[in-house]
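I opened the notebook to look up two places in this fold. My entries follow the model below.

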Amino acid sequence: MILPLSATYRLQLNSGFTFADAIDNLDHYAALGVSHLYLSPIQTAQEGSEHGYDWVPPPAVSPTLGGIDGLRELRAAAADRGIGVIIDIVPNHTGVEDPRQNSWWWDVLRLGAASDHASYFDIDWSPENGADGKIALPVLGSSDDLDALEIDTSGEHPELAFYEHRFPLAPGTYTPGSAAAAVHDQQSYRLVPWNIGVIGYRRFFSVNGLAGLRQEDPVVYSATHSLVRQLVAEDLIDGVRVDHPDGLADPQGYLRNLRDDIGPDRILLVEKILSKGEPLDPSLPVDGTTGYEMARVIGAVLVDPNGEEPLGDLHQRYAGDRGDHRWLEATERHLKLSILSDTFPAERSRLRRTLLASATDGTAPPDADLDSAIGAVIASLGVYRSDYPILAGTLESVLATEKQRLPALSSAFDLIADAIDTDTEARARLAQVCGAVTAKSVEDCLFYRTARLVSLQEVGGDPGTFTDSIDEFHRINVERARAWPRAMTTLSTHDTKRSEDVRARIGVLSQIPTRWTELVDRSQTRNPAPDGVTGLLLRQNLFGVWPADGVITDALRSRVHDYATKAIREGAVGTTWTEVDTGFESAVHAWIDNTFDGPCSKDMTDLLNEVQSHVESDALVQKALGMLAPGIPDVYQGTEWFDDSLVDPDNRRQIDYTRSVDHPKVAIVRTAAHLRRRRREVFVAGDYHPLTATGPASEHVIAFGRGEPGADISVIVTGCRWTARLAQDRWEQTTLELPPGTWRDLLTGSDLTGTVAMAQFGTAVAILERTRE
């Protein structure tokens, strides 16, 4: 039986937290009031995986997590408490970091195009692929490393060895005494240096250890989804979250197949990153996205617009730009062009060859022109991929604009336009490359090299838009309630750069820009950062995780240093992943230690204590909005308490469930989740009603009502924003007119009627339910 959906709880499963551990904590999840557990990938993954997105065939429930029997036990135990199960699946790629663990990939490397699994992977077999038509595997440090190849005969079958790496040998290509290099030359693959821009298969973004799958092939789809069909047949799951469907050649066709497999009633959510203002295509057979766009919407309405100019001034002084839309758009374009060239030359080359193969007039522009045209198009598209029906005309419009801007490339633009109009492979490859370039350029680079207000620099975020108006907030929610009532609303995920509470704390800086500027200037005088923008970025993140008592534990110190290493390498300002500048990195880490241990430490602690009440208020309001606005809220593991997680893998730490549930955030989650279960008709399919306060502090109020479709409001949510500049007397003079009836504040137990002064609400948040007409 498919259990009714009202709120989910996300669990990150691995060897340290299995199905059995989830069962042990079911009473906690039930007490919170969530309707479903939302599990990270449960399939067998590469040995030691902490996340599961590197699953390996054949599709099966991971023995490390408890296997199929463990899942059955979890399903039964959860169902006894009225809790269902949703799983995360990964159709785009499979783990190949260690080929020995992936039987399909091993077979392809051993037999080449003759393998039964050769069609499963998106392999570039072209003679022009940089490896003479063989599968290029970028594992060598340089071409000289071919001399380091050996034959490992310790196992049942001899294998080609390069240090810890092992590769299969085709039948008949090795006899005792054969030279390893000569044996290598006879294989269907070729080991190549990692830095020459050659790779023989589509991958997930730039991760060589995750090889792309051809889900557009019915044989591949069937083979990779046998487990999903089994879980549905056994009624072990109530829905599916699809990881990165934008990476597929045909995400629309894939989702139609998946909907057919899981049936019309199980929830189907897609990890789709929508740009600001980009709609989700209504023709997709899904219930919505996993909610990155709502994290942006909810965060933006809490940011104080009064902070935009002073924080822009601060950014100008330290970074040399204002961190505004103009700079961000120009930098994003530059990064897309450079990353396409530096990180994805193999993908660009394959796209170019696909475009040329579809040319209808037998002529072609020079490769350089076509590469430049490809770059111009990808740099100008403001979405991950533009081939969804609702975005019809987007790509064609960009082509026309770029042709006018760069007339010298007209023939190249014409070729692209003709190819995408007539050839489905060309259109799909352009979309796939565009998505990968966008992700690596924006979320994984640009958002680490700007720092006006880093709480805005999130997956799906738009840091150029400093804040959103309350009218925009209401408009989006009215539309969401109408069009996507079962889409997920999320505030934290395993992919977010900072947890919801870290973002809320940093967001408070928009309310105190002068005070923050003073701290930054004072800190820079006493402990100069090695680089201006790096200092701004890391100072805000330090403020986001700084302990209220000022005590820096070894664990926190280690976590911050790990975060800083990732941040500065992703931003690629003073160092990179591939060209590590040890001098710059050492200077950054020494600066962090000086911040922890020097006189700046007290400044940070003092500031945090000054604004602690405002930080807590924003965190609670944000959680209430996320739980009760349109959509299905997801509580990421541990975020029922205040959480100070930074970017992956920090946000996948084990959760301490022994903590007290006598906590203000737990109270909001518990109250909202139980209300949603009790009033599903209001929240899962109900209407959204904007409400407006009256009085001198009305701009500080966020309020809305929820009701059954076409019926009166039965639940009201109110929250206070920008509390750091809220005068108490103005707050006392501001009121909210409640609809007729008696309203119970579920957080305080108070009954309210008529016109209520905002100061009467006992907390930063009020959740009101009509008890009597």
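In what sense do β3 and strand β12 (residues 239–242) pair, and over how many bridges? I found that β3 and β12 pair in the parallel sense over four bridges. Two strands count as paired if DSSP finds at least two bridges between them. Helices (H or I, at least four residues) and strands (E, at least two) are DSSP runs, numbered from the N terminus.

I noted the ground rules. This is a predicted model, where local features need pLDDT of at least 70, side-chain atom pairs count only at pLDDT 80 or more, and totals for chains, interfaces and linings use all residues. Residues are numbered from 1 along each chain as its sequence is written, and side-chain values use heavy atoms, with hydrogens and water left out.

Entry on β3. I looked up the partner of Ile-86 in β12 and got Gly-239. Strand β2 (residues 36–39) also pairs with β3 in the parallel sense, over four bridges. There, Leu-37 has Val-85 of β3 as its bridge partner. From β2 the chain crosses through helix α3 (residues 67–80) to β3, and this β-α-β crossover is right-handed (with the strands pointing away from the viewer, the path from the first strand over the helix to the second runs clockwise).

Entry on cover. I checked β3 (residues 84–89): six of its six residues are buried (under 20% relative accessible area, 1.4 Å probe, protein chains only). Gly-84, Ile-86 and Asp-88 point one way, and Val-85, Ile-87 and Ile-89 point the other way.

Technical notes: Buried < 20%, exposed > 50% of the residue type's maximum accessible area, 1.4 Å probe, protein only.
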